Amino acid sequence: MKLVPWTHSPRSTSLDRQRRTIGVVVDNLVDGYQRMIFGSIARTAREHDANVLVFVGGTLPSNHYDLIGKANVDALILTSATLWRRVGLDGFYSFCSRFAEMPVCSIGLAVPGVSSIVTNDSPGAGALVTHLLADHRKKEIACIRGPGADGQERFEAFRRTLDEFGVETRAELIVDGDFTESSGREAVRILHDERKVRFDAIVAGNDYMALGAIAALEERDLSVPGDISVVGFDDIEDARHAAVPLTTVRQPIRELGKRAVLQVLQQLDEGDSAAAQAITCHPLKRRSCGCVVESPFTRRPASASHKFPDPETALSARRELVLADMTRTAQGELGNIGYDWERELFSSIQEELRGAVGTPFLTANERLSRRVFLGGGDVSTWQRVLATLRHHVLECVGDNLRLRATAENAFYDAVILSGSVVGREDAQKRDALAQLLRTAVRTGNTLMTSIDPEQLGSTLVEHLRSLDIPSCYLAVWSADRTEAKLVVGFDRQLTIERTDSDAGFKSTDLVPTGILPRDRGTVYAVMPLEHEEHSLGFALFEYREDDGVLFEILRDQFAAALEAAGRR
């Protein structure tokens with residue numbers, strides 16, 4: 001019985017081996033930490049003309065990861081900080097040993113014999129506790145401790161800093177969490193409702209627990225930061241956009257993903273290496289601790305124009321210094337902003353000061369800040385870049401009142417505009433995602449009413465078209481899972497054809513020979529098709545950006561429809 005149509009065009013091998021393919025292992029693409037890391041991996045891989053296959057199989061142990069091998073990837077990146085917790089370190093090390101024949105990079109956990117990119121959490125975590133004690137005069141600080149080595153490292157920094165200030169670490173103020181928002185809520189319930197202890201601040205082991213704690217405090221009519229200060233760790237996107245922006249420690253999440261890609265590519269080019277890299281995390285003060293963050297645009301730099309005949313000459317003379325200073329301020333946190341953005345921004349302010357027609361600086365800022373936001377960058381970092389450029393410009397302008405007024409007006413408008421760009425684009429992005437999910441749910445309902453095997457394929461294809469997914473492939477297992485059969489092959493650039501072929505392919509090939517695009521670099525999410533604990537096969541979805549929630553919905557819908565059709 002033929003279930004569905006599929007697409008076939010003999011244009012490549014099963015995986016395009018002319019491009020290097022980097023495999024990535026995550027347990028999900030919904031969690032903000034893993035989503036941000038993977039977004040950085042995908043962008044960096046594209047910049048280096050490499051394909052990406054992200055295997056999304058849930059927590060270990062999982063049979064889904066048996067698909068990973070040299071038949072489909074050249075190197076592997078593991079988001080180890082989240083993968084190891086359920087199986088423990090020994091179980092995770094055993095999992096890693098399965099990939100000894102290829103370059104592997106571990107993110108967030110040092111694995112013996114494997115290249116690792118880790119963070120040094122203690123300085124940043126300790127600095128936040130110091131900030132609460134010294135600057136906000138907090139005396140009764142509760143802690144929501146996270147699991148594993150990273151949770152313990154942050155807790156030890158908390159305990160050590162209290163000791164340095166002569167403050168006792170009180171057991172009744174310590175609650176264990178599991179890095180989820182719900183455990184942050186539960187911690188507040190335990191502290192406030194059950195133990196009835198007094199506390200004036202909460203240090204959470206990560207941002208999710210901190211945000212959960214804030215929600216639980218607000219439910220109890222306790223204001224943040226008015227009654228209780230709350231701080232987190234990681235600096236996920238939700239921390240920046242929360243109603244009360246979260247004071248946290250910035251873990252360079254995007255830098256972790258970028259370095260991991262560069263590491264495995266270097267290993268492929270130059271040979272294996274077990275080198276470990278450690279990146280230090282830094283505190284970031286926002287409103288939730290009680291700080292009223294002073295705008296850097298209120299500071300007036302000293303004049304440097306007296307060293308040059310005019311401000312334009314002064315600014316031109318320090319051009320390379322300004323460009324380097326803006327790059328340092330960016331710290332790799334501007335996402336996919338593109339190349340030479342520093343020169344574009346610098347040139348535009350020069351044109352503005354020369355009195356060019358129009359608003360060249362404002363126009364450049366709008367274009368670049370939009371790229372930052374849409375490319376997954378941090379817009380607050382972009383505003384710090386503007387502050388850095390302003391500092392240099394005003395030093396060069398000196399006491400020239402006309403040029404100073406021109407510059408100050410330009411920078412003020414740029415900051416306001418970058419904020420409005422974020423608001424507009426964020427609203428459009430959220431609306432588009434909401435519409436996409438509504439479409440997925442609405443059209444998905446038709447799948448369960450279209451379980452006729454002869455009609456299901458056409459319904460699946462139309463479903464994919466309506467969601468504007470570039471390409472998707474569904475495969476079902478053979479009896480022993482060593483082989484699979486493609487039951488849906490969709491590429492919106494090609495014509496869908498019906499086939500009566502029963503030919504299977506090796507499961508580790510993921511698709512039959514001649515299927516995946518060769519004319520472009522690709523990023524695919526490889527996800528299990530499961531229904532009520534029954535493993536049916538796997539799906540490949542071509543990934544764009546932030547598609548994780550959508551793919552979770554689709555794979556559940558497709559698995560349920562295939563299961564129902566198979567019973568007919």
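Visitor: Hi! How many aromatic pairs does a search of the whole structure find?
Guide: Hello! This is a predicted model, and the search of the whole structure turns up twelve aromatic pairs.

Visitor: Take Tyr 473 and Tyr 524. How are their rings placed?
Guide: Their centres are 6.1 Å apart and the planes meet at 55 degrees, so the pair counts as tilted.

Visitor: And which strands do those two tyrosines lie in?
Guide: Tyr 473 is in strand S13, residues 471–477, and Tyr 524 is in strand S16, residues 523–531. The pair therefore ties together parts that are 51 residues apart in sequence.

Visitor: Is Tyr 473 buried or exposed? What about Tyr 524, buried or exposed?
Guide: Tyr 473 is buried, with a relative accessible area of 2%. Tyr 524 is buried too, at 1%.

Visitor: How many residues of S16 are buried?
Guide: Seven of its nine residues are buried, so the strand is mostly covered (buried here means under 20% relative accessible area).

Visitor: Nice. Which strand does S16 pair with in the antiparallel sense?
Guide: That would be strand S17, residues 534–542, over eight bridges. Strand S2, residues 51–56, is joined to S16 as well, by four bridges, and those two run parallel.

Visitor: What stands opposite Ala 525 on each side?
Guide: Val 54 stands opposite Ala 525 in the pairing of S2 with S16. In S17, Phe 541 stands opposite Ala 525.

Visitor: What's going on with phi in the S16 and S17 hairpin?
Guide: There are two residues between the strands, and Glu 532 takes a positive phi near 50 degrees.

Visitor: New topic: which charged end sits over the ring of Phe 155?
Guide: That of Arg 145, 4.5 Å from the ring centre. There is also Arg 154, which lies over the face of Phe 233 at 3.9 Å from the ring centre.

Visitor: Arg 145 looks like part of a strand. Which residues make up S6, and what does it join?
Guide: S6 covers residues 141–145, and three bridges join it to S7 in parallel. Cys 143 stands opposite Ile 174 in S7.

Visitor: What's the strand order in the open sheet with S6?
Guide: The order is S7-S6-S8-S9, four strands with parallel pairing. S7 (174–176) and S9 (229–231) are at the edges with a single partner strand each, so one side of each has no neighbour in the sheet. Neighbouring strands are turned by 15 degrees against each other on average, direction ignored.

Visitor: What is Ile 236 in contact with, leaving aside neighbours within four places in sequence?
Guide: Tyr 33, Met 36, Asp 207, Tyr 208, Leu 211 and Ile 253. As for Leu 246, ten residues away in sequence, the C-alpha to C-alpha distance from Ile 236 is 9.7 Å.

Visitor: Is Cys 289 buried or exposed?
Guide: Buried, with a relative accessible area of 1%. Cys 105 counts as buried too, at 0%.

Technical notes:
Residues numbered from 1 in each chain as written. Predicted model: local features only at pLDDT ≥ 70, side-chain atom pairs only at ≥ 80, totals over all residues. Heavy atoms only, no water. Pairing = 2+ DSSP bridges. Axes fitted to C-alpha atoms, helices over the stretch in contact; angles between N-to-C directions. Contact = heavy atoms within 4.5 Å. Phe/Tyr/Trp six-rings, centres within 6.5 Å; stacked < 30°, edge-to-face > 60°. Buried < 20%, exposed > 50% of the residue type's maximum accessible area, 1.4 Å probe, protein only. Lys NZ or Arg CZ within 6 Å of the ring centre and 35° of its normal.
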